[in-house]
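Subject: the model you asked about

Hi,

Here is the structure I promised to pass on.

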Amino acid sequence: MGGPDPFRRERTTFNKRTRTLLSKAHELATLAGADVYLVIHHPRATITYNSVQDTNWPPADKELETIYPHLQRLNQTFSNDSSDEVDHEMFLRFCQYCAYRCQLLESMEPQALSQSTDIP
């Protein structure tokens, strides 16, 4: 009756990417011991994930700089123009984070393998 759904691909992509983001947020909280708060706002839904049981976390945006003096904020876009110092710096921070994350996961692999082989 209704015919083909023109927005099905968009909904499917949104659902898959949301699941991936939630999975990665949970993984970051579990494996790295990070406090993670994720908000995904979309016209169809707003989804939040909080790895901390305390309802007072995260603090208000104004309090973040006082609580976390070394806070680094990353924008969602990175400029291709390397003359833009702010975007270039954010891109470098993002790359450093990814390198750190890879090192962390590589260092955890032997532990996970040894635990799986110890099981009778």
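A quick word on terms before anything else: I call a residue buried under 20% relative accessible area, exposed over 50%, and partly exposed in between, using a 1.4 Å probe and protein chains only. Please keep in mind that this is a predicted model, where local features need pLDDT of at least 70, side-chain atom pairs count only at pLDDT 80 or more, and totals for chains, interfaces and linings use all residues. Residues are numbered from 1 along each chain as its sequence is written, and side-chain values use heavy atoms, with hydrogens and water left out.

The overall layout

The chain has three helices and two strands, in the order α-β-β-α-α from the N terminus. Helices (H or I, at least four residues) and strands (E, at least two) are DSSP runs, numbered from the N terminus. Of the 120 residues in the chain, 14% are buried.

UniProt, in an unreviewed entry, lists residues 9-40 as "domain: MADS-box". Its positions are given here in our numbering, with feature names shortened, and such annotations may be inferred rather than shown by experiment. That stretch is 75% helix and 12% strand, with its end C-alpha atoms 18 Å apart.

The hairpin

S1 and S2 (residues 46-50) pair in the antiparallel sense over five bridges; strands count as paired if DSSP finds at least two bridges between them. Together they make a hairpin with four residues between the strands. One of the bridges joins His41 to Thr46 in S2.

The core

Which residues make up the largest nonpolar core? There are seven: Phe14, Ala25, Ala29, Val36, Leu38, Ile40 and Tyr49. By nonpolar core I mean a set of buried Ala, Val, Leu, Ile, Met, Phe, Trp, Tyr and Cys residues joined through side-chain atoms within 4.5 Å. As a general point, nonpolar side chains in soluble globular proteins tend to be buried together.

Leu38 is worth a click: leaving out residues up to four places away in sequence, Leu38 touches Leu21, Leu22, Ala25, Ile47, Thr48 and Tyr49. Contact here means heavy atoms within 4.5 Å. Thr18 sits in helix H1 and is buried, at 7% relative accessibility. Apart from neighbours within four places in sequence, Thr18 is in contact with Ile40 and Ile47.

The salt bridges

How many salt bridges does a search of the whole structure find? Two, taking a salt bridge as a side-chain nitrogen of Lys or Arg within 4 Å of a carboxyl oxygen of Asp or Glu.

- Asp5 pairs with Arg11, with the closest N and O atoms 2.6 Å apart. Asp5 is partly exposed at 38% relative accessible area, and Arg11 is partly exposed at 29%.
- Glu27 pairs with Lys24 at 3.9 Å, N to O. These two are three residues apart in helix H1 (residues 8-32), so about one helical turn separates them. Glu27 is partly exposed at 21% relative accessibility, and Lys24 is partly exposed at 47%.

Cheers
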